[in-house]
Amino acid sequence: MHEKLRSANWARALVPSLAAWLASAAVFSVPAASAQEVQLQLRGANDTLRDAIRGASLLYSGKDDEDAADAQDLLASARADYGRILGALYAQGHYSGVIRILIDGREAAAIPPLDAPDVIRTIVIEVDPGPGFRFSRAEAAPLARGTELPEGFAMGQPARSGEIVGAADAGAEAWRNAGHAKVRVGNQQVTANHTNATLDARIGFDPGPRVTFGQMAITGNERVRARRIDKIAGFPTGEVYDPEELEDVAERLRRTGAFRSVALTEAESLGPGATLDYQLVVVEEKRRRMSFGAEVSSLDGALVSAGWMHRNLLGGAEKLTINGEIGGIGSQTGAEDYSLGVRLDRPGTPFRDSTAFVEALVERAQEEDYTADTARIGFGLTRYITDQLTGEVSIGYEISEVTDEFDEITYEQLVLPVKLTWDTRDNALDAVEGYYAQGEVTAFRGFGTTGTGARLAFDGRAYHGFGAEDRVVLAGRVQGGAIVGSDLLETPREYLFYSGGGGTVRGQPYQSLGVEIDRGGGQIQDIGGDRFVAFSAEVRAGIRGNFGAVAFYDAGFVGVEDFSEDNGAWQSGAGVGLRYDTGIGPIRLDVAAPVSGDTGDGVQIYLGIGQAF
């Protein structure tokens, strides 16, 4: 016996008209239903098929609900279950199944939709899935070059309906990737041979012409000029259609921060010369935003920060950011530190996928062994190479006045920082999976007594979650740095490396590990080193609800000229912490103590927002 299932739409070829009618007969909304007794009787079903049918049935999945549904709802659920269970059978490759749903002995399909019995005592769902079908033919044509069909869509494989759907999706996607934006799934034939339990599936594609991008119309903007939106978006008019280009257009606009939503809609029909126009609809964000942050350490004191941002300063999505920070409030290792920075970013300048910026910073650092007043100004370019890889290059001028117990020194230099950042984290504030790596080379040309050389720095992080809902996360971090070409005392003090504190080694005082140099006459000066490496490891585990716990170990090294212990020293610390997930980022409380090294003594407490790294 042969049964042919035909449709002008490939998706509907998978559901017989009878099943579609039965499903649509439930004219009311279909809630999960319950009755005094719902029985599910399956004949010869394996565990996978049994679970699929249980999950598809509204009656069975809702049988344990405490609130009993009325008879009309139960009847509606029963009538909908025919189509839902049939779909589950098809999804598992069973095309000759028999489904009976008996309401107190009466077939649910025979009961008029609006004539439900007043009382329903027992519902019995009987399913005979029949044999599992296999593909006797699995063809899709014509296919674009490089099309990868699902492995399960092949002769001899279980004839699951999802494999047919997947093959149609894969074929259409490949044609779109080849520039055929209006590809259609044309003639399809799905023939079930019930005698041999085989399925003959053929999918035909009508790729249509190769399309080029037309024009993009812009609507929804109120304050950002349409001309600037067009420049930032970089819509590829005249180029061959590529769906990835559309993603890039939307992402360029989103990362400006000026828009709450970005939507691109293609025209229903092609224009002259097989061109495809698009409608861009944007919703702008609020122009201004304020932000605040805080972190507290029992020894290093409190740090508070505040920021103000304007997302559209001049009508071209220019972003102005002003950030201020006061650190070391109540510190036992130094006085307060102050900083104020201003930065203006202009997206889409000088070309798409780039942002030009100008920035300025003034700060005072009052550390235990020196005080530095610094000012810098610079301008540069951020380049978005891929969604995960970003580069930045700038040029600037810096000057700092440093006072310590031995000297008053002025450092003055022209700087050329080059930075590369790779970020695959799923969440920058509370990562569960992914990697982060940032490498930076800052070349500097000194004037006067300031040396000339380069500062190298690296920061790498990795995250891996496992267990139920990734409740346990392993996190690791490696930091490193070096100064090349410049003598230690001729290097700007803020370029030197220290270890200790919340950003490097918890449990040790902030910047407690540097190096000692002999200034002559038995005078020893504490100063930062020109070699640095640090390691951090954390185990993060969810406890209950929004609460989590952390155990961590940190270690850091600072030296001069090389990484040997003859020219440097190590310190380490370890501790435990508590986290509370606010939905935006976790509130962090860490308690740590020194493990090795002679720079720390006693327990340190850290309180802040966000993970330590």
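A total of 32 salt bridges is present in the structure, which is a predicted model. Among these pairs is that of R506 and D590, whose closest N and O atoms lie 3.3 Å apart. Because R506 is located in the loop between β22 and β23 while D590 belongs to strand β28 (residues 586-596), the pair ties together parts that are 84 residues apart in sequence. Both partners are buried.

E139 forms a salt bridge with R137, the closest N and O atoms being separated by 3.7 Å. Here E139 is partly exposed, with a relative accessible area of 41%, and R137 is partly exposed at 30%.

A negative surface patch comprises E368, E405, E516, D526 and D598. Within this group, E405 occupies the loop between β18 (389-403) and β19 (408-423) and, at 63% relative accessibility, counts as exposed.

S512 lies in the loop between β22 (472-484) and β23 (515-520) and is partly exposed, with 24% relative accessibility. Leaving aside residues up to four places away in sequence, S512 touches S499, G500, Q571 and T599. The C-alpha atoms of S512 and L58 are 64 Å apart in space, the two residues being 454 residues apart in sequence.

Conventions:
Residues are numbered from 1 along each chain as its sequence is written. This is a predicted model: local features need pLDDT of at least 70, side-chain atom pairs count only at pLDDT 80 or more; totals for chains, interfaces and linings use all residues. Side-chain values use heavy atoms; hydrogens and water are left out. Patches are made of residues with over 30% relative accessible area and no salt bridge: like charges are joined within 9 Å, nonpolar side chains (Val, Leu, Ile, Met, Phe, Trp, Tyr) within 5 Å. Accessible areas come from the Shrake-Rupley method with a 1.4 Å probe; for residues, only the protein chains shown count as cover. A salt bridge is a side-chain nitrogen of Lys or Arg within 4 Å of a carboxyl oxygen of Asp or Glu. Lys and Arg count as positive and Asp and Glu as negative; His and the chain ends are not counted. The place of a charge is taken as NZ of Lys, CZ of Arg, CG of Asp or CD of Glu. Helices (H or I, at least four residues) and strands (E, at least two) are DSSP runs, numbered from the N terminus. Buried means under 20% relative accessible area, exposed over 50%, partly exposed in between (1.4 Å probe, protein chains only). Contact means heavy atoms within 4.5 Å.
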